[in-house]
Amino acid sequence: MPGMNSGINVNAPAVVAAFKSALLHQAIIALLIFAVLGLAWITVRAWLPAAARTAEQAGPGGPPAAAVAEPAARQLLRVGFGLLWLFDGILQAQPKMAIGLPSQVIEPLAAASPKWVQHVVNWAGTTWSYHPMQAGASAVWIQIGIGVWLLAAAHGPLSRLAGLASVAWGLVVWVFGEAFGSIFAPGLTWLFGAPGAVLIYCFAGALIALPERAWHTARLGRLVLAGLGLFLAGMAVLQAWPGRGFWQGASRGTPGTLAGMTQTMAQTPQPHALSALLNAFTGFDEAHGFAVNLFAVAALAVTGGIFLTGRRRLIRPAVIAFTVLCLADWVLIEDLGFLGGLGTDPNSMLPFALLAFGGYLALTPAPSVADEPASATESASLEAAARGWQARFRPGYLRQSMATANFRSVAAVGAVGLIILGAAPMAAAQANPNADPILAQAIAGSTAQLNFPAKGFALTDQHGRTVTLASLRGKVVLLTFLDPVCTSDCPLIAQEFRAAGQLLGAASRGVELVAIVANPVYHQTADTQAFDRQEHLTQVPNWLYLTGTVPQLQQVWKEYGIAALILPAGSMIGHGDVAYVIDQNGHVRGELNTAPGPGTTATKSSFAVLLADAARQYLRPA
Amino acid sequence: MSRRTRLVSVLAAAAAVTAGCGTATPQPGAAASPAPPPSLATSLVTPTGTWAVAETGGSAASHNNFWQLFARPAGTTKWRLVTPPGVASNGGLVIATPGAGTVVAGFRPSQNLAYSPLATTYNNGAAWSPSLLDARLANVPAALAAAQGSGRLLALLANGTAELSSPGGTHWAPLATMRSLARSAAGRRCGLKSLSVAAFSPSGVPLLAGTCSHRRTAGVFALTGGVWRLAGPPFPAAMPGQPSRVLGLTVAGNRETALLAAGTGRDTTLLAAWSAGGGRWASSSPLPLGGSEVASVSIGPGGAVGAVLNGRAGVISGPGSAWQWLPFLPAGTQTLALGPRAQVDALAAAGATFTAWAWPPGSAGWAKTQTLHVPVQYGSSG
C-alpha cells in the first residue's frame with residue numbers, strides 16, 4: 001500500500017518455502033554428485049589395482065608428505081578462507097536471504113555511495129530480485145563449493161584453481177554485494193570493515209593461486225606484510241583525519257561516528273551479553289572518544305610500520321597484537337559481523353588476522369621440492385601436459401587419473417560440481433526477462449475464484465470522456481486504483497499494467513487496462529494526463545485513467561474496498577494496492593494484491609505475467 | 001625487506017594517503033567554485049503571517065525525511081503545521097507569495113514521480129487548492145515565484161529551464177533556458193554558470209538569478225522588452241572578485257531584497273542589497289564568512305535578511321543597517337524567521353519535533369518558545 005510501506009515481506013511464507021525447497025532439492029543433487037564421484041573412484045581403483053597401489057604407496061592422504069608438504073602459510077590461508085567461504089555459504093541459506101538480500105543488505109550498503117555505485121549495485125539487486133530463489137540458492141552452493149574446494153585441494157593446479165575461483169566470486173560479491181566495500185562512501189574506516197571483507201578473500205585467493213614455488217622464499221611473506229603495513233598506515237592517517245567525527249565520543253548529546261555505529265549495532269537483535277558489551281563500549285567511547293581514537297590511530301600506524309620493516313623479530317609480537325586488535329574490533333565494533341539483521345559474513349577482522357598470520361608464516365620459507373621424486377599422480381599429469389591438453393580428456397588418462405587420485409581430489413571435483421549446481425540454474429533463469437511469478441503470488445496471496453457482478457461506475461477518462469463499466473462490457477477489464485502524485489508504488493503498478501498489455505499481444509484488443517484515481521486531493525484530469533505522460537501511457541490504446549468528483553470517487557472506492565486516506569505531515573495518500581479482474585460479462589473473477597516488493601522493481605514484470613495470465617483466462621474467442 | 005623496497009613502499013604509502021585524502025583538500029588557484037546553494041529550509045513573511053519550511057523525519061536515503069510547512073499567523077506567537085495534504089514531501093518543498101495572504105507551495109518530486117504538485121492557500125493554510133507543474137522543480141529554495149497582482153507563477157526547473165504560467169497557474173510555457181540565457185549578451189557579461197533564483201519585480205517583470213563567473217557582476221536578469229538584461233546590484237570595491245552567486249531575491253511591496261555571496265572558500269563574503277521601485281540598489285557592507293557555508297537564507301519584512309551558517313547566523317535589518325552576528329544557534333536550527341521589530345526566531349527540527357526559539361534583540365541567548373510534535377508517518381514513502 002503506498003503510504004503504508006506494504007509489499008512483500010522477507011518472511012513471506014510462499015517464498016521462504018520455495019527457497020527451502022530449492023535448497024533441499026539441490027542438496028540431494030549435491031549428495032548424488034558426491035556419491036557418483038565416490039562410486040566411480042572406488043570402481044576405477046578396483047579395475048586398475050596397480051595404479052591404485054601406486055597411489056596408496058604414496059600415502060593415505062595422497063603423495064608422500066615430505067615430497068609436497070604444503071607451506072604452512074598457504075595451508076593457513078587455504079583452510080582459513082575455505083572455512084570462511086563455507087560459513088558464508090551457510091549464512092546465505094537463511095530463509096530471509098532470497099527476498100531480503102537486495103533490500104536489506106545490498107541497497108542499504110550502497111545508499112551512501114555515489115550515484116554510479118548505486119546504479120551498479122541496484123542493477124545487481126534487481127537481477128537478484130527477478131529470480132530470488134535461483135540467485136539465493138546459487139550464492140549458497142557457489143560459496144559452499146568454493147569453501148569445500150579450498151579445503152579439499154591442497155596441492156597442484158586444482159588447488160590453485162580454487163584460489164582463482166575465490167578471487168573471481170569474491171570480486172563479484174565485493175562489487176555487487178558490498179558496494180565496493182563502501183570505499184567510495186564517506187566515513188571509510190578500517191574499524192568498520194574497510195575495504196570490505198571479501199576483498200581480503202580475493203587477496204588470499206590470489207595468494208593461493210600463486211605457483212607453489214612462490215612460497216619457497218621469504219619474499220612472498222615480506223610482500224604480503226608490506227602491503228598490509230602500507231594499507232594499515234593509510235588507514236591510520238584516515239582514522240586521524242579531523243572532521244570525520246572519530247575524535248569526538250559525543251557532541252551535544254549526539255554520539256560521535258564510532259559510538260553512533262556501535263550504538264546502532266547494539267540495537268540489532270542478538271544475545272543480551274553481546275549487546276551489553278557493545279553498549280558498555282559505546283558508553284566508554286562517548287566518555288573517552290579522543291583516547292579511543294588515539295589508540296586506534298597509534299595501533300594502526302605502529303602495526304603498519306612494523307609490517308613494513310619486514311623484521312621477523314618485530315613482526316611476531318606485532319602479528320599477535322594485531323590479531324588481538326582484530327578480535328577486539330570484531331566483537332566490540334563489528335558485532336561479530338553476522339549477528340543482527342541479515343548477516344552474510346563475519347566481516348573483515350577474521351580475514352585480516354588470517355592474512356597477517358599467513359604473511360608471518362610465509363616469512364619462513366617452505367622446503368624446496370625440486371629434488372623430490374614426483375608422485376604417481378604428478379607423473380601422469382606431467383606426462384599428459386607434455387602431450388598437450390587434449391591428452392587430459394582421453395579415456396585412458398581419465399581412468400589413470402581417477403585410479404591414482406586421492407580422496408581430497410575427488411572431493412575437490414565434487415566441489416566444482418557444487419559450484420556448477422549453483423550457477424547453472426541462475427544462468428538459465430537469467431535468460432527469462434520476466435521476474436519469477438512466485439514474487440507476485442507471495443504478495444497477492446492465494447487468489448480465490450470470485451464470481452460476482454462488479455459495481456458499476458461512471459467516471460471521466462484522461463481525455464475528458466465519460467466512461468462507464470457497462471460501456472466496457474465484452475472486454476476483460478483489469479482494474480486498479482492509482483494516485484497520480486504517488487512517488488513509490490503507483491508508477492510501478494502502471495508499468496505492470498502496460499507490460500501486461502504488451503505480453504497479451506494481439507489479445508490485448510479484448511482487454512481494457514483501467515485505473516481509477518485514488519487521491520481525494522489531486523484528482524483533476526490534468527493530474528491523470530501528467531501521470532500518463534510520465535509513465536508513457538499516452539500511446540497505449542486500451543489504457544483508461546478515470547477520475548471524477550470526490551463524492552463520485554469515494555463511492556467507487558467504497559464499493560471496491562479501497563481506503564484512500566489523507567495522511568498528515570507530508571505523506572502521500574495511503575491506499576490499497578489491488579487489481580481486479582472483471583470478465584467480459586462484468587463479473588469480478590479475481591482480486592490481486594499489486595504491491596511491489598520493497599526496494600525492487602522485480603515485481604513489475606512478475607505482476608505483468610500474472611495480470612496477463614488472468615486476462616487470458618477470461619478472454620472468450622471472438 | 002631491502003632498502004629499495006622499503007623506500008618504494010614508503011613513497012607508495014605517501015602517494016596512497018595523498019590520493020585518498022586529497023579529495024577533501026581545497027585546491028588554491030584552481031577554477032573557483034562558488035558557494036553552494038542554500039538548503040530548502042527558509043521562511044517568508046506575508047501580511048497575514050510568517051511561513052517557514054523545515055525538514056523533519058529521518059533518513060532521506062530511505063525516504064523517511066519529510067519537508068514541512070509551518071505558519072505563524074500575524075499577531076500570534078504559535079507556529080502551526082500547515083503542510084499541504086495529498087502528496088509526499090520527501091523531495092522538498094518550496095514556497096512563494098504573490099502578496100496579501102496567498103502562499104503557493106511547490107513539491108519537488110521524489111522517487112518515481114517526475115513532476116511537481118502545487119498547492120495554493122488563501123487562508124493561512126487552513127485549506128489548499130491543488131494544481132500541477134508538469135516538470136521537476138529545481139532543488140533551490142527560490143525555485144518558485146508568484147507575481148503580485150497577476151497571479152502568474154515563475155518556476156525554475158531542475159534542468160535549468162524557467163517556465164512561466166498563465167494567471168492562475170493553469171498553463172505553463174518555457175521562458176528561458178540556462179543555455180539561452182548564458183548565450184545572451186547579459187549572460188555573456190556575467191559568465192553565467194547556473195540559475196538558482198526565480199522572482200518577479202514589483203512591476204511583474206520576470207527575474208532570474210544565478211552564479212556569475214565574471215568579476216564584480218551580480219547575476220540578476222530581468223526580462224524587459226523581450227530581452228534579458230542584467231539588473232543586479234553593483235559590487236562594492238571591498239568585495240572579492242569572482243564568482244558570485246545570488247542566494248535569495250524577494251519582492252515585498254515596492255522593495256526588492258537580494259542576498260549575494262561572492263568569492264570562494266575562506267574569502268567568501270555576503271552582501272545584502274535593496275532596490276525600491278526598480279531604482280538604484282543600495283548595498284550593505286560585506287560580511288566575511290571565514291570559510292563557513294550558508295546553510296539557509298531568510299528574508300523578512302522591511303528588507304531584513306538572515307543567513308544561517310555552521311552553528312551561527314548573521315542578520316541585517318534593512319537598508320542602512322549593519323550585519324550583526326547572533327548568539328550561537330540552538331542545536332538543529334535549520335532556518336531563521338525574521339519578524340517585525342527586528343525579532344528573530346530560530347527554527348529547529350529533529351525527528352518528529354519542531355522547536356521555535358526566540359531571540360529578543362540585544363539579549364545574550366535564545367529562549368525556547370514552542371515545541372511542536374509533527375505526526376511524521378515514517379515508512380509511508382517506502
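Contact means heavy atoms within 4.5 Å. By that rule, A:Val15, A:Ala18, A:Phe19, A:Leu23, A:Gln26, A:Ala27 and A:Ala30 in helix 1 of chain A meet A:Met133, A:Gly136, A:Ala137, A:Val140 and A:Trp141 in helix 7 of chain A. This is a predicted model, in which local features need pLDDT of at least 70, side-chain atom pairs count only at pLDDT 80 or more, and totals for chains, interfaces and linings use all residues. Residues are numbered from 1 along each chain as its sequence is written, chains are lettered from A and ligands numbered from 1 in the order in which they are written, and side-chain values use heavy atoms, with hydrogens and water left out. Helices (H or I, at least four residues) and strands (E, at least two) are DSSP runs, numbered from the N terminus.

**Helix packing in chain A**

- Two packed helices are described by the angle between their axes and the distance between the axes.
- Helix 1 (residues 13-47) and helix 7 (residues 132-152) of chain A pack at about 40°, and their axes lie 10 Å apart.
- Axes are lines fitted to C-alpha atoms, for helices over the stretch in contact, and angles run from 0 to 180 degrees between N-to-C directions.
- Helix 1 and helix 7 of chain A are therefore oblique to each other. Angles under 35 degrees count as roughly parallel, over 145 as roughly antiparallel, 65 to 115 as roughly perpendicular and the rest as oblique.
- The crossing of helix 1 and helix 7 of chain A is right-handed.
- By class, the contact of helix 1 with helix 7 of chain A has 10 nonpolar, 2 polar and no charged residues. Ala, Val, Leu, Ile, Met, Phe, Trp, Tyr, Cys and Pro count as nonpolar, Asp, Glu, Lys and Arg as charged, and the others, Gly among them, as polar.

**Loops in chain A**

- A cis peptide bond joins A:Ala194 and A:Pro195, with omega about 5°. A:Pro195 sits in the loop between helix 8 (156-177) and helix 9 (197-208) of chain A.
- A:Phe180 is found in the loop between helix 8 and helix 9 of chain A. Its phi is near 60°, a positive value in a residue other than glycine.
- A:Phe180 is buried, at 13% relative accessible area. Buried means under 20%, exposed over 50%, partly exposed in between (1.4 Å probe, protein chains only).
- A:His536 lies in the loop between helix 21 (525-534) and strand 8 (543-546) of chain A. Phi of A:His536 is near 55°, again positive in a non-glycine residue. A:His536 is exposed, with a relative accessible area of 53%.
- A:Leu450 is in the loop between helix 19 (437-444) and strand 3 (452-453) of chain A. A:Leu450 is partly exposed, at 21%.
- A:Leu450 touches A:Val588, A:Arg589, A:Gly590 and A:Glu591, not counting residues up to four places away in sequence.
- The C-alpha atoms of A:Leu450 and A:Ile582 are separated by 9.7 Å, and these residues are 132 apart along the chain.

**Chain B**

- Chain B has 3 helices and 29 strands. Of its 382 residues, 55% count as buried.
- In chain B, 4 strands form an open sheet in the order 5-6-7-8, with antiparallel pairing. Two strands pair if DSSP finds at least two bridges between them.
- Strand 5 (93-99) and strand 8 (129-133) of chain B stand at the edges, each with a single partner strand, so one side of each has no neighbour in the sheet.
- 5 bridges join strand 5 to strand 6 (residues 102-107) of chain B. B:Ile95 stands opposite B:Ala105 in strand 6 of chain B.

Terms used: A crossing is left-handed if the near helix is turned anticlockwise from the far one by less than a right angle, and right-handed if clockwise.
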